[in-house]
Amino acid sequence: AVGIVFGSLTISVLAAKTKNPGGLITYADEFSGHKTACAFGWFQVFVYYPSLIAVVAGVAGVYMSMLYGFESTPETVLAISLGFIVFFFGMNILSGKLGGYFQNAATVIKLIPLFLIAVSGFIFGDVNTAFNEAPKAASSFGWLAALAPIAFSYDGWVVSTSIAHEIKNSKRNLPIALVVGPIFVLAVYILYFVGICVLVGPQEILTLGDAHVNVAAQKIFGDIGAKIILVFIVVSVLGTVNGFVLGFIRLPYSLAIRNMFPASDSFGIINSSTGTPVKSGTIAFFICIAWAFVHYSVTKLNLMPNSDVSEIPIVASYILYIILYVQVIKMYFKKEDSLSAAKGLIIPTLAVIGSLIIIIGGLANPMTLVYIMICVIVIAVSLVFYKKENSRV
């Protein structure tokens, strides 16, 4: 909560000062410099977005398997997730509005199972059993390892910045969304987590994994009701996939209009008939497909037990966010923008502390250093490319 809520409040300061496309890339470009923007953009295009889309599409594949009674083998999950990736990229590339409509509907639908399970947990669950089990999980520093996956649950706040230029009155509305959204998500998830723990029990949730939701729904509504809840859950997960795709297809374009991407003249074009950057979306699609196979391989070979390929990019992203938080603090001390002590110093400092907590939690994963090195290599390549391109100017 500290990392996401205060991070959103800090980024909203930058969001209110520009209406140019690109989201975090724009903020890095305008407030930190071109090299930082290029590094941010390449990390998001080649690591962050595609890995998250691959993982969330895989989660949708797991729940679809539950819904239709398939065995959720890595191959089955891969096949289903590829189908979803093709569908959502196609929809968002062909029509920006369709993706937006689906996102709005999925957001509302997502809340239904969360609230139902949360409320039912308090009504039908055993509070004493849940809280008696809790100290077993919290008796060591092992809980730190949960911080990065929890950060994953909130990470949609970053995606919203990539479509800032398409939001009506974005200077006013985006900061409001960045503040209200994470706080609302925090409240909903606390209700859900407590409700599901009371209903099913923490140890059972750890044992069942993704299947715990289906077990909870069967306890409350029976077999037929559980199927209905699973339908809601599948739609809500697909809403997350759609949201990431909606943001991702615009990122190569955002880099290209700054001459920070290969073949910038080609990728920095908005298609007049669809109103979307078609070529940008197409290259994003192929990058995402590659990551889907990476995620499949990691899962198949069990290279990251109790984790997946999305966790490390999230940890790495919070390292990069600190750069932007520091820029807001610098603005305060330079007295350039008449920022209050709360907006310019206290809130960004809390955002930095929150990011450090998530980063420390991510270090509990033994694969962290390997994936951090992959992120560093991508960023290094971006800086080499940037230097090469600018040497021609």
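The largest nonpolar core of this predicted model holds 108 residues, a nonpolar core being a set of buried Ala, Val, Leu, Ile, Met, Phe, Trp, Tyr and Cys residues joined through side-chain atoms within 4.5 Å. Tyr27, Ile53, Ile85, Phe89 and Phe248 have the most contacts inside this core. Helix 3 (residues 34-68) gives the core its largest share, 20 residues. Leaving out residues up to four places away in sequence, Ile53 touches Ile85, Phe89, Val241, Phe244, Val245, Phe248 and Cys288, where contact means heavy atoms within 4.5 Å.

Turning to the whole chain, 17 helices and zero strands are found; helices (H or I, at least four residues) and strands (E, at least two) are DSSP runs, numbered from the N terminus. Of its 393 residues, 50% count as buried (under 20% relative accessible area, with a 1.4 Å probe and protein chains only). The accessible surface comes to about 17,700 Å², with 69% belonging to carbon and sulfur atoms, as computed by the Shrake-Rupley method with a 1.4 Å probe. Among contacts between residues at least 6 apart in sequence, 77% join residues at least 24 apart.

Beyond its neighbours within four places in sequence, Ile379 is in contact with Ala39, Phe43 and Leu320.

Residues are numbered from 1 along each chain as its sequence is written. In this predicted model, local features need pLDDT of at least 70, side-chain atom pairs count only at pLDDT 80 or more, and totals for chains, interfaces and linings use all residues, while side-chain values use heavy atoms, with hydrogens and water left out.
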